[in-house]
Amino acid sequence: MWKDFYTDQPLWGATATWKTVNRNLEYLIRHHGSKMDRAVALARDVQVRLESIFFLLDDLCAVTCPWCPDQCCLVAKVWIDFKDLLFLHLNGHQIPPAQLLSDLKETCRYWSPRGCILPRIVRPWVCTWYVCPTQKSNLRQKPKSVQDQLIRAVQAIKTGRKEMETEFIRTVS
Ligand code: SF4
Ligand code: SF4
């Protein structure tokens with residue numbers, strides 16, 4: 001099941017595949033009980049780090065996205081990857097009803113004219129870390145301590161996601 005983590009096509013784009021992968025993950029986490037505690041703790045750490053940068057990302061978005069003539073979400077070919085899905089399951093979040101795209105010709109199903117309809121914590125990591133050129137220039141106007149905080153948090157989240165995945169695979173192997 002895990003052999004196709006890395007692909008150029010959206011993972012689990014078909015509804016049936018999406019349901020299957022989610023059912024399997026739910027089963028594995030439940031089945032391993034307390035052996036999964038370390039993976040759960042790593043997922044919680046990632047969540048705390050993510051939440052620590054949401055205010056800054058919301059702030060950047062508030063002064064850029066509503067007037068954007070070229071909305072990135074309309075052209076983004078991104079999707080929920082294995083680490084994203086694992087993060088959602090280990091933290092007990094509600095799983096979105098479907099993958100963002102079922103093929104590369106589509107627009108993300110969670111885009112709306114008023115922005116993304118998924119709560120920030122549920123969005124794929126790629127949607128969170130992407131800071132577009134307009135936002136980057138806005139960010140450069142902020143104190144260096146704020147810029148550094150974002151850089152450090154992004155690095156820590158990347159590392160934490162890898163550790164969470166490694167621990168999960170170790171547990172179920
Ligand atoms: S992140 Fe940047 S490109 Fe995307 S909608 Fe906001 S301003 Fe536009
Ligand atoms: S999930 Fe939300 S933020 Fe990500 S591409 Fe879709 S609409 Fe944009």
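**A walk through the model**

Leaving out residues up to four places away in sequence, Thr64 touches Thr134, Gln135 and Asn138, where a contact means heavy atoms within 4.5 Å. This is a predicted model, so local features need pLDDT of at least 70 and side-chain atom pairs count only at pLDDT 80 or more, while totals for chains, interfaces and linings use all residues. Residues are numbered from 1 along each chain as its sequence is written, chains are lettered from A and ligands numbered from 1 in the order in which they are written, and side-chain values use heavy atoms, with hydrogens and water left out.

Back to Thr64: look for Thr64 in the loop between helix 2 (37–62) and helix 3 (82–90); helices here are DSSP runs of H or I, at least four residues long, numbered from the N terminus. With a relative accessible area of 11%, Thr64 counts as buried (under 20%; exposed is over 50%, partly exposed in between, with a 1.4 Å probe and protein chains only).

Now follow helix 2, whose axis comes within 9 Å of that of helix 6 (residues 144–172), crossing at roughly 160 degrees. Axes are lines fitted to C-alpha atoms, for helices over the stretch in contact, with angles from 0 to 180 degrees between N-to-C directions. The pair is therefore roughly antiparallel (over 145 degrees; under 35 is roughly parallel, 65 to 115 roughly perpendicular and the rest oblique). Residues making the contact include Leu42, Val46 and Leu50 of helix 2 and Leu150, Ile157 and Met164 of helix 6.

Also in helix 6 sits Asp148, partly exposed at a relative accessible area of 24%. Its C-alpha atom lies 23 Å from that of Cys65, 83 residues apart along the chain.

Over to helix 1 (residues 15–32): its axis and that of helix 3 come within 10 Å and cross at roughly 50 degrees, which makes the two oblique. Among the residues that meet there are Trp18, Leu25 and Ile29 in helix 1 and Phe82, Leu86 and His89 in helix 3.

How far can you trust all this? The protein chain has a mean pLDDT of 95, with 96% of its residues at 70 or more; pLDDT is the predictor's confidence in each residue, from 0 to 100. Residues 1–6 fall below 50, and this stretch has 14 contacts in the model beyond near neighbours in sequence. Where pLDDT is low, the predicted coordinates should not be read in detail.
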